[in-house]
4 protein chains.
Amino acid sequence: MRFYSDNNATVCPELLAAIVEANAAPTRGYGDDRWTQGLDRAFGRFFDAPVATFPVTTGTAANALAIATVVPPWGAVYAHEESHVVRDECGAPEFFGAGLRLVSLAGAGAKLDAQTLARALDAMPPSVHTVQPTAVTITQATELGRVYRPGEIAALTALAHERGLLVHMDGARLANALVALGCEPGDITARAGVDVLSFGATKNGGLAAEAVVFFRPELARDFELRRKRAGHLLSKARYASAQLLAYVEGDVWRRNAAHANRGAREIGAACGAALLEPVEANEVFARLGEDGKAQLRALGFEFYDWGANGSGEARFVVSWDQDLSQVEALSRAIRALPASRGTETALHRPRRSETQ
Amino acid sequence: MRFYSDNNATVCPELLAAIVEANAAPTRGYGDDRWTQGLDRAFGRFFDAPVATFPVTTGTAANALAIATVVPPWGAVYAHEESHVVRDECGAPEFFGAGLRLVSLAGAGAKLDAQTLARALDAMPPSVHTVQPTAVTITQATELGRVYRPGEIAALTALAHERGLLVHMDGARLANALVALGCEPGDITARAGVDVLSFGATKNGGLAAEAVVFFRPELARDFELRRKRAGHLLSKARYASAQLLAYVEGDVWRRNAAHANRGAREIGAACGAALLEPVEANEVFARLGEDGKAQLRALGFEFYDWGANGSGEARFVVSWDQDLSQVEALSRAIRALPASRGTETALHRPRRSETQ
Amino acid sequence: MRFYSDNNATVCPELLAAIVEANAAPTRGYGDDRWTQGLDRAFGRFFDAPVATFPVTTGTAANALAIATVVPPWGAVYAHEESHVVRDECGAPEFFGAGLRLVSLAGAGAKLDAQTLARALDAMPPSVHTVQPTAVTITQATELGRVYRPGEIAALTALAHERGLLVHMDGARLANALVALGCEPGDITARAGVDVLSFGATKNGGLAAEAVVFFRPELARDFELRRKRAGHLLSKARYASAQLLAYVEGDVWRRNAAHANRGAREIGAACGAALLEPVEANEVFARLGEDGKAQLRALGFEFYDWGANGSGEARFVVSWDQDLSQVEALSRAIRALPASRGTETALHRPRRSETQ
Amino acid sequence: MRFYSDNNATVCPELLAAIVEANAAPTRGYGDDRWTQGLDRAFGRFFDAPVATFPVTTGTAANALAIATVVPPWGAVYAHEESHVVRDECGAPEFFGAGLRLVSLAGAGAKLDAQTLARALDAMPPSVHTVQPTAVTITQATELGRVYRPGEIAALTALAHERGLLVHMDGARLANALVALGCEPGDITARAGVDVLSFGATKNGGLAAEAVVFFRPELARDFELRRKRAGHLLSKARYASAQLLAYVEGDVWRRNAAHANRGAREIGAACGAALLEPVEANEVFARLGEDGKAQLRALGFEFYDWGANGSGEARFVVSWDQDLSQVEALSRAIRALPASRGTETALHRPRRSETQ
């Protein structure tokens, strides 16, 4: 029973059907097809804002291309120290950005707040000798399964814009955040001041279907050249675009995310006081003790260790296609664990990075 | 009736079935799945050589990652002036290679020969002031639809190795070349001295399914980091890998390429003296005159202009899924064109680069 | 009276004489001259170790070239958050390193210690998803005027090597550290396990005379190509090399640094309890209050603000050519300041970065 | 008797005096000194145009920084195949330009002409798949000692601007060209449409004194960050700037170049029919036969081989400080050579690249 990651999940029927439907006949390559050409309209409607939308195949590509497009090589990008761009992309932003710098900041729940950003900006007034503060990137939902409220995002983007920074959002799990908040897509993106978004569908039922969405389309000027140059312009782009259309035009994104979030909440409830973070999206972080984790694994549950060696911490991710019986079984098993759990706190929390 | 490019084609049934089959259940991400893990064995058998095989989604990514892995930033890579890496990748090799240099060479049929390479190497003896000759890249089949014979490749690789250069092959249309030659895959790759190959399946029936194949696996050491860093490590890698397995383990590659080559031969025969290049793979280049091209288009045939404006040249590409009736119709229409055709020769041949 | 920075200083007579002497007759370019050819022997003797020595014109070039030579683009380099590479080089290491990552660590006196490094390494076990820990860089003397003891360096290099990391030292003020410690040059470099050194002479009396010194000469393989490619191979290299020879072959480095250190000690003594850091080299950091600083400036003393706005902190740097009467005057003026000084501690300490 | 290269020359008295004069007292670093601050005015007067002027230490840095500032990573820069940027900079433009592409063009005398550029631009109409034509770079005087006339430059820049390209000039030997033409500095730069210039003084009597001069100062926006990031912002910039001022404010540039050109003319006259190129600046290219070259060397003349092995070709460069008796001796020795000289023409002309 797999709780490793939502990227272990299958492709959902609607998106697979979209692939098959796009396969009915030959069509022009490199995005000059009706699916890709329809993305701006569909995503514009989804976000209730004018957008420039570009399909890519991975979240890392989306993040790195989006960031590099709006940040010069000498730019500094403020990011949470637990973020995917910092921890799990082997330096992709630096590669795409020709040596730009990620500046790591701390924050509870893997969230940045405006105050922390302000302090960091104050701490290094730019001159010709320094990297130039240019952007901030936040993740929604975060790497600790937490969700930014619209007001939190707006506070960050207001500060960022005031200081001349652009705002990127890594939305690898945007649907999970939307479902958690019960708000409109535009509430946490365009209307909250986000400038460019990595829009993820892969973890939530897609087959290598991600997009970069510019809410200030004029920022996208160089994007197409960057994407081509990075080998991320698909000759048969329609298969990604068709999925993205099916994902946002119907209820797929919501239904899939709601299912995963519900499962995570159930597991979270079972964890009780062992929870490390409130469960808001589809991830559960808990300190179950090394013995507890071993017992779960003996029962056939698969999941990642979290935190430092011996911390007794675990991460469970619920996927769109997770069988509810598995969720129930895991919840029961967690409840059945003896109460005493590892208590050591790992100040410096290493974790396996294959987990995203 | 579309003769634009084989990247306009659909995904063939066997590869689509492989995707569906790989979708049966969740599995580990990032290539830690049985399909991806099986690639080395399957490709090793296909090429009759030990290999390290890595799936990627585009030919540009395959080329640029392969080249960058074996060439330092100060390296020079010798390539044909008509090659995809030179003309159609928006500088991807330079991007992935942190500023390496492509050195363009001429050659009939978009083929390099050993003599030309030798002269180019002699012409710039390396010192600390120069870029350092490091690799040569050839395309099989070439951008003009021509095919290197095993001996031609061996002569090039022998010279290259003697001079300390590695050899990369862009095999976006490798299957078409193999069918044209009627030889074993290893005859024009591993046994001919090729060090690293971009293996294409997308144009011949795949859905974003390409691979980088190292015939000297020790060269692949940094490849995985480079791929991740470039956003080309797929979290759901199995869908690409399953296609690649289905492609090489059965007869799919051969059947699809044979169909396309046959169609091209038929159209080539219809072109007669108007042919610009012998038809060896699935592409036809002919000088039909501007009037002739207009007549064909009036009949509903779609294809790219070739050569300079007003050169009267055209490119037809036949795809794996091309209806034979379309091939016959085009052949008839070409034969019916009046004999007089544009005769001006374009020394400097611009072409639309969207055509690959 | 200038206490801004030792890079405001003049060129000392011996090094100017070396330039004039090297100007006697034409000679071969690009380092193929007797001065440049003699560097390895002279520096080998200076450090009592086999070395490969390369002149460059700036400390930033020395640092960035040295680091990029031993760290791949996907490598992580651990550095103090106050270090020049992090704060004052506009991302030069990332540029030369094709997007490598600097990981900032804290530490008193702008010094790294082995424990901090160990924790940072433990906190991010490398996988294909992460940047790869490759090097650590330390500054001697540090950006806060502190000096690593030989044992401290040895502890760091032992840990680094055990973990597979190389060690770079930024020795922009190496002479000041050597004088402070009263030890042999090899004691804090080659024999302490340093792999590659940025050797500075500019701040201590040179005219754009710095060097990269490899203590493991085999690491220098690509260095010459990197340097040329970065525009840092001087055609008239002899003028830099002649200075470097004059600097290390005689007593110039020691005399100049001793003079500067002595001045700083005197000013430090005057600061008394206001000192932020013990004075070990030629820099003094003190909290004199905003009023105190204003009074000093009214008397004609020029120096940089330090710390956050309103922190009342100041930095004074004494140069090799500083008139002792200026040092005495400043010391007197500081002693004459009223006792009460700003006490607010700035947790996040911005500083002007033009100060190095 | 050295005729290797003008970079073998010494520093001329006036520029050495300028260094000494700038050394009289400490001053602010990083160009915040009166010499560096005076460059724009002095160069503005020299070129009779508004300029933004930045000192650097090498011609390679000047070229690469200038080009990278005006060309994006996906840009193509058209350059002569014999140019320094193509042949002698180890890929510096590609490094500074994050992977931009140099496109090599042919042309007699190492000169580009507008027609050749137009054909090259026509041959590759840009799309998202191609590198984007962005700039052209020309060398004045050229690597074959030839000089562009003002009208030739104007024709090139007019075409370039019409096509949306910017124009860079490598003026490593600009003074030699100016003396050869007897025109005003602005005639072949600002008024001829050049956008950015690498201004060389090192070969003509300077000590690591070059400058980047923007004739459209708004292009310089990012230049300062690029320069710092490349380690080319000198902390003691005044020593380069003082030289540059002394060079352009007086007659130094003209006197030094006139001396060198005169010597070259004399040697050229001695070569007679053996000349490969008309002598216009301070370089002489002649086919003297392998025997002839051996005889000259036996007499103590030092110079570079040119052309292919065995071509019998030689390059002589006359420096600002060349003793006239050496020029006369060489001329006599050449006239005394037997008439029969190697006649083989090397189509592909390798040459030692250390020669610039």
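**Notebook: a contact, a helix and a glycine**

I looked up the contact between chains A and B and found that it takes 41 residues from chain A and 41 residues from chain B. On the side of chain A that touches chain B, α4 (59–70), α6 (92–96) and α10 (223–229) of chain A each supply at least two residues. I sorted the residues of that side by kind: 18 are nonpolar, 16 are polar and seven are charged. I note here that the model is predicted.

Next I turned to chain D and its helix α11, residues 238–249. α11(D) has twelve residues, and I read 16 Å from its first C-alpha to its last, close to the 16 Å expected at 1.5 Å a residue.

How many of the twelve residues of α11(D) are buried? I found eleven, and I put the helix down as mostly covered. Among the buried ones I listed D:Arg238, D:Tyr239, D:Gln243, D:Leu244, D:Leu245 and D:Val248.

I then checked what the buried residues of α11(D) pack against. My list for chain D has the helices α1 (13–22), α2 (34–37), α3 (39–47) and α12 (252–271), and the strands β1 (52–56) and β7 (210–214).

My last entry is on D:Gly289, which is found in helix α13 (residues 289–298) of chain D. Why does D:Gly289 count as buried? I found 22 other C-beta atoms within 10 Å, and a residue is buried if 20 or more lie within that distance. I also looked up D:Gly312: D:Gly289 and D:Gly312 are 23 residues apart in sequence, but 3.7 Å apart in space, C-alpha to C-alpha.

Methods. Residues are numbered from 1 along each chain as its sequence is written. Chains are lettered from A and ligands numbered from 1 in the order in which they are written. This is a predicted model: local features need pLDDT of at least 70, side-chain atom pairs count only at pLDDT 80 or more; totals for chains, interfaces and linings use all residues. Helices (H or I, at least four residues) and strands (E, at least two) are DSSP runs, numbered from the N terminus. The expected span of a helix is 1.5 Å times one less than its number of residues. Two residues are in contact if their C-beta atoms, placed from the backbone, lie within 7 Å. Ala, Val, Leu, Ile, Met, Phe, Trp, Tyr, Cys and Pro count as nonpolar, Asp, Glu, Lys and Arg as charged, and the others, Gly among them, as polar.
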